[in-house]
Amino acid sequence: MPSRRTVALSSPALLACLALVASAPPALAQQRGSDVGGQPTKRKLTKLPRLVRFVEAEYPGAKKQGGVSASVVLTIEIGATGKVTNVTVAESAGPDFDAAAAAAAARFEFEPAEVDDKPAPAKITYRYDFVMAPPAPAPPPPAPPGGAPGGAAAPEDTTRASPPAPAATGGESATAARRAPASGGAAAGSGDVEEVAIRAGPRTRREVVDYAVRAEQARKVAGTQGDVLKVVQNLPGVSRPPVASGQIVVWGSAPKDTRVYVDGVDVPALYHGSGLRGTISSDLVSSIDLVPGAFGAEYGRGLGGLVRVETRTLPRGTHGYAAADTLDGSALVSTELGERVRIGTALRYSWLDRVLAAASAPDVGDFFPIPRYRDAQLKATVDLRKRESVDAVFLVSDDELDRTVPSPDPARRRVEATRSGFWRAYAKYTSVSADGDTTIVTPFVGRDTTSLAQRFGATPTRLDVASDRYGIRASLRSKLGSRVVLVTGMDALGTASSVEREGSLTLPPREGDIAVFGQPPGDEYALDRWKTHILDVGPHAHADVRFGPVTLTPGVRVDAFVIEGSKRLPQAGNVPPIGFSRMETTVAPRTSARWDVTRRLAFTTAYGSYHQPPEPEDLSAVFGTPELGLSRATHITAGESLRVTDSLTIDVVAFDKRMKDLVVRSRLPNPLRARALTQNGEGRSYGVQLFVRQELWRGFFGWASYAISKSERRFEGDESWRPFDFDQPHVLSLVASQEIGRFSVGARFRYASGNPRTPVVGSVYDARSDRFDPVFGPQGTTRIPAFWQLDLRIDRAFEIGKSARALVFADLQNVTNRANSEEIAYSADFRRRGNITGLPFIAVVGGRLEL
């Protein structure tokens, strides 16, 4: 097999090519190869961006050996300094090519575009061609001054990238028809004329602490089974969740304090209830990023962090895939309906419970509930006019988990059934004006349902919540001169809930409750049905202001909360219930700063004030307190970012979060009527995290993240703090993936401190109930043993003709078969202590066919 010699495209040739179109006024070409023209815009495009540093992509090994060529269309966002700020895949050529092209483009450097003779951001569409070129008969002669470079020996096979088109800046739009140049021995064929569309679009503000992962890399991480959403579990600031849960614990905040957004629309869950799968098809995800705290003014109603998922742009033509593995089966198909409309749909259905039953596996469901889940998505994109489009999206997800803990004594048999689901329908309208103002409007509706039913012997516990959601998110991004970008908008969300609860007043337990796994409920029994309506309207604004190497982002958010309920007091006899309604207004300042000391070193800091309304289930007049108000928090961060090489970065962030007015259970033995909960809780979380990341380099990528932190809570007025129920002082994740020919292999190692628990130091026999009750020691003074696990992944790709591709993989979890403790359990008399262990070694094997 001939060897490959790399010859990077040199910048002089690219600049010479750009000269062919530098004089083109911004407009839309009417046909391929036509002249460009049009009416002048209000702001003049005075300079197009120029590529001054090209980075050659690493040719995927398996594709190289198979002689496969491909083209990846990228959308590259270029900042006003000429640095690439974001790269997304507009038209995919497969995960391997996409990842290689995006990683190379992220390292490009440009001379920035200019509008009215001032530097301005730009977005270009760029086609990266991977070409297996035949050997040239002889090296080209040296180029004359100003001509294309020469003197380099032609490689036997190489990649080549189409030079970028001149970018429209400040919202301008243009199309350039041009001839691709010959360079580095990879000559464009005669008459190789290419039309490059350049469309300005909205630019998402990047938070000071923001960890983004492209879908192409996320699906190769070991332990995720190819699910890109599960990569969040391996990012800095994320604690390991309890087994068989889809919870996200970020920077010491409660799971319900972190918000998940899909295209800017709030959804209740990133994962199915078991945590084994994400709720959205990986092939509809273009990127996912985690903001663990100190986020900007665009988002509110949460004290924790943010997880933002962006759906991918549907490609032209007809595409699809079908996949199956040990856990589930899934499929996707997309096509275009004419020139302006593209549509795609995906679905997934689980069968793990039937696989285990067919294999006569042990009843692992005793402590690890075996999930049954389903989800589906539908997306349609309509291009209305130039720089104007609508994305219509429908999401639906459904979960069922059942668990039975048997016992010879029927009075001690425990049964738990959980049902959850949601759907969302939204339309995202995007418009970019001629002068660069970007408008995004996203109205949405949906419904969330959860149901928890527990039975310990003859004692039932049930909680059912059904919430109708509606809202709108709108923003306008305007450029005010060369140094200031202003973003204004509104974020509104309404939640109308119907809640029904019966059973013990203390089950399910709350954070901070002193309890032990398997503890029977008390003898008290209560029942309540109520309705709530919580509406929040949050106008917000922030500005990106540049002073040379320093960028300041001051912002503010004003929220008006309306909290209503059907019962202010427990119902007595036939007396009609009396409802309640109140309004709370908050002002939340947010600000951040970034100082680019050099091209490779930057310092960052951020501050923010945050508010969160009470949960509908806490507004019960029997089980909660209808008068609950807003919980509050402040976030402060300071960090350093160092780019060691073009593909290796090191980020260090210190954070501090202070929380107050947290909802906790009343300490009174007999709480006042409609006062079972109070807002006397306080919290603090602080620590330092390190993130070392190697972008794709010679087929390898990976990262190491480590966080050392402390998260504590206390009742207002207490002198001492106690550990937060999800406190994990040490969390380490190591991720690596390498392409070797047609194979891709990866590994993941995780370590996490165990969650705190309250020890049982004795027991007391209750003759009336014929049972033992535990006697507890100091709260939170023991921990579950530390967790560590090694996962491996291997996959192999097969090209089937020119239009199909197959992939087979094995994702091996817990390859050392370590018996990790997930919970502490006691005997019926609380004299013997043991640990409930998690899943043993599991091999998830599957395949995928792409068309």
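Predicted model: local features only at pLDDT ≥ 70, side-chain atom pairs only at ≥ 80, totals over all residues.
Biologist: Which residues lie nearest the centre of the largest cavity, and which elements give two or more residues to its lining?

Modeller: Of the 22 residues that line the largest cavity, Gln 225, Gly 226, Ala 323, Ser 330 and Arg 848 lie nearest its centre. Two or more lining residues come from each of strand 20 (319–325), strand 21 (328–337), strand 22 (341–350), strand 45 (804–813) and strand 48 (842–850), and strand 20 provides the largest share, with four residues.

Biologist: What is the make-up of that lining by class?

Modeller: The lining of the largest cavity has 10 charged residues, together with six polar and six nonpolar ones.

Biologist: Turning to the sheet that contains strand 13, in what order do the strands run, and which of them are the edge strands?

Modeller: Five strands form this open sheet, in the order 13-18-19-16-17 and with mixed pairing. Strand 13 (211–214) and strand 17 (265–267) are the edge strands, each pairing on one side only, while neighbouring strands are turned by 25° against each other on average, direction ignored.

Biologist: In what sense do strand 16 and strand 17 pair?

Modeller: Strand 16 (residues 259–262) pairs with strand 17 in the antiparallel sense over three bridges, and Val 262 has Val 265, in strand 17, as its bridge partner.

Methods:
Residues numbered from 1 in each chain as written. Heavy atoms only, no water. 1 Å grid on protein atoms, 1.4 Å probe; cavity = no way out; pocket = protein on both sides within 12 Å on 5 of 7 lines; lining within 4 Å. Nonpolar A, V, L, I, M, F, W, Y, C, P; charged D, E, K, R; others polar. Pairing = 2+ DSSP bridges. Axes fitted to C-alpha atoms, helices over the stretch in contact; angles between N-to-C directions.
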